[in-house]
Amino acid sequence: MSQVESNIVELGTIFNKLAVMVNEHRDMVQRVEDNVEDANSNLNLSLATLTDTLQNLQTNRALAMKVVSLLPNTTYAVIIFYEWMRPLQIQILLL
């Protein structure tokens, strides 16, 4: 009978130590959970920032393409205007 009592007391001690260990690890698990939540928030913010940057780059690229496509047309218009004005300049010089 004393062996059974001894085993029960030992088992109670083991469970008490286990309860202490669980309490100690509860704080650690909570810190890990908080860190994971912070990391998740940072990742979501980074993703949003990268998405905005990509959209800005695509908009800037489209604008650059429009400007580049207008340059030859503008050059052509200036040359046509100059050629059109040349006879008028000659007539003005003759007067």
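This report describes the fold, the surface and selected residues of one protein chain.

The structure is a predicted model, in which local features need pLDDT of at least 70 and side-chain atom pairs count only at pLDDT 80 or more, while totals for chains, interfaces and linings use all residues. Residues are numbered from 1 along each chain as its sequence is written, and side-chain values use heavy atoms, with hydrogens and water left out.

**Overall form**

The protein chain contains 1 helix and 0 strands; helices (H or I, at least four residues) and strands (E, at least two) are DSSP runs, numbered from the N terminus. Helix H1 covers residues 2–94. Along the principal axes, the C-alpha atoms occupy a box of roughly 135 × 15 × 10 Å. The radius of gyration of the protein chain is 41 Å, whereas a compact globule of 95 residues would have a value near 12 Å. This radius is taken over C-alpha atoms, and the globule rule is 2.2 Å times the number of residues to the power 0.38.

**Exposure**

Of the 95 residues in the protein chain, 0% are buried. Buried means under 20% relative accessible area, exposed over 50%, and partly exposed in between (1.4 Å probe, protein chains only).

| Residue | Relative accessibility | Class |
|---|---|---|
| Glu-37 | 43% | partly exposed |
| Val-22 | 45% | partly exposed |
| Thr-75 | 45% | partly exposed |

Thr-75 is placed in helix H1.

**Surface and charges**

The accessible surface of the protein chain is about 9000 Å², and carbon and sulfur atoms account for 67% of this area. Such areas come from the Shrake-Rupley method with a 1.4 Å probe; for residues, only the protein chains shown count as cover.

Two surface patches may be described. Patches consist of residues with over 30% relative accessible area and no salt bridge, with like charges joined within 9 Å and nonpolar side chains (Val, Leu, Ile, Met, Phe, Trp, Tyr) within 5 Å. A salt bridge is a side-chain nitrogen of Lys or Arg within 4 Å of a carboxyl oxygen of Asp or Glu. Leu-11, Ile-14, Phe-15, Leu-18 and Val-22 make up a nonpolar patch, with about 470 Å² of accessible area together. Glu-33, Asp-34, Glu-37 and Asp-38 form a negative patch; Asp and Glu count as negative and Lys and Arg as positive, while His and the chain ends are not counted.

Technical notes. Charge placed at Lys NZ, Arg CZ, Asp CG, Glu CD.
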